[in-house]
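This briefing goes through one protein model by topic, from the overall build to single residues. Please keep the sequence and the structure in view while reading.

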Amino acid sequence: MALPLLLCGIVLLWIGGFDIIYSLQDAEFDRKNGLRSIPAKLGGARALMVSRTFHLLMVGLLLLLGVTAHMGALYFVGAGITAALIIYEQSIVSATDLSRVNLAFFTLNGWVSVSLFIFTALDVATR
């Protein structure tokens, strides 16, 4: 039962973290229209801190999942690549510069999912 809950936590935190980044673009619209998004409520800088916290917790759960499921080295390589991509994603967006939100949201998250899948599948296949 622990593995499905860990996976659920990983996905929820990953999606929550990158959705906050994407919703930074709509903060002003949200405020004007009474929507209570995290960026509208907290402002861009604090919203990014929430996003970064979510992603940090996500990486921690990825590692915990690997330990709990007795995964091998390839899984942990994939988790490391995932962590590096998440760090890069977080580093290219700031509250005052949203010009690379699409790179962070679409491109890097695509690579996160593909790389984690490939390394997990390789790890399982080589057991």
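**Overall build**

The protein exposes about 7200 Å², and carbon and sulfur atoms supply 72% of that area. The model is predicted. The protein has six helices and zero strands.

- From the N terminus on, the elements follow the order α-α-α-α-α-α.
- The C-alpha trace spans about 55 × 30 × 15 Å along the principal axes of the protein.
- The protein has 127 residues, and 39% of them count as buried.
- Taking contacts between residues at least 6 apart in sequence, 72% join residues that are at least 24 apart.

**Nonpolar core**

- In soluble globular proteins, nonpolar side chains tend to be buried together.
- The largest nonpolar core here has 28 residues, and the members that touch the most other members are Trp14, Ile21, Met58, Leu62, Tyr75 and Val93.
- Two or more residues of this core come from each of α1, α4, α5 and α6.
- Helix α1 gives the most to this core, with seven residues.

**Largest pocket**

- Rolling a probe the size of a water molecule over the atoms shows where empty space is left.
- The largest pocket has a volume of about 170 Å³.
- Its lining consists of 13 residues, of which Leu7, Ile10, Val11, Leu62 and Leu116 are the closest to the pocket centre.
- The elements that give two or more residues to the lining are α1 (2-23), α4 (44-68), α5 (73-91) and α6 (101-125).
- By class, ten of the lining residues are nonpolar, three are polar and none is charged.

- Leu62 counts as buried because its relative accessibility is 2%, below the 20% cut-off.
- Apart from neighbours within four places in sequence, Leu62 is in contact with Ile10, Tyr75, Thr82 and Leu116.
- Leu62 and Tyr75 are 13 residues apart along the chain, and their C-alpha atoms are separated by 9.5 Å.
- With neighbours up to four places away in sequence left aside, the contacts of Val50 are Ile20, Ile38 and Leu42.

- Ala79 lies in helix α5 and counts as buried because its relative accessibility is 3%.
- Leaving out neighbours within four places in sequence, Ala79 is in contact with Leu63 and Leu116.
- Leu116 is in contact with Leu62 as well.
- Ala79 and Trp14 are 65 residues apart in sequence, and 13 Å separates their C-alpha atoms.
- Gln90 is found in helix α5.
- Is Gln90 buried or exposed? Gln90 counts as buried, because its relative accessibility is 7% and the cut-off for buried is under 20%.
- Beyond neighbours within four places in sequence, Gln90 is in contact with Ile21, Leu48, Ser51, Arg52 and His55.

**Ser113 in helix α6**

- Ser113 lies in helix α6.
- Ser113 counts as partly exposed because its relative accessibility is 35%, which falls between the 20% and 50% cut-offs.
- The C-alpha atoms of Ser113 and Gly78 are separated by 10.0 Å, and the two residues are 35 apart along the chain.

**His70 between two helices**

- His70 is placed in the loop between α4 and α5.
- Most residues other than glycine have a negative phi.
- His70 is not a glycine, yet its phi is positive, at about 55°.
- His70 counts as exposed because its relative accessibility is 63%, over the 50% cut-off.

Note on methods: Residues are numbered from 1 along each chain as its sequence is written. This is a predicted model: local features need pLDDT of at least 70, side-chain atom pairs count only at pLDDT 80 or more; totals for chains, interfaces and linings use all residues. Side-chain values use heavy atoms; hydrogens and water are left out. On a 1 Å grid over the protein atoms alone, a cavity is a set of points where a 1.4 Å probe fits but cannot get out, and a pocket is an open set with protein on both sides within 12 Å along at least five of seven lines; lining residues have an atom within 4 Å of a point. Grid points are joined across faces, edges and corners, and a volume is the space filled by probe spheres set on the points. Helices (H or I, at least four residues) and strands (E, at least two) are DSSP runs, numbered from the N terminus. Ala, Val, Leu, Ile, Met, Phe, Trp, Tyr, Cys and Pro count as nonpolar, Asp, Glu, Lys and Arg as charged, and the others, Gly among them, as polar. Buried means under 20% relative accessible area, exposed over 50%, partly exposed in between (1.4 Å probe, protein chains only). Contact means heavy atoms within 4.5 Å. Accessible areas come from the Shrake-Rupley method with a 1.4 Å probe; for residues, only the protein chains shown count as cover. A nonpolar core is a set of buried Ala, Val, Leu, Ile, Met, Phe, Trp, Tyr and Cys residues joined through side-chain atoms within 4.5 Å.
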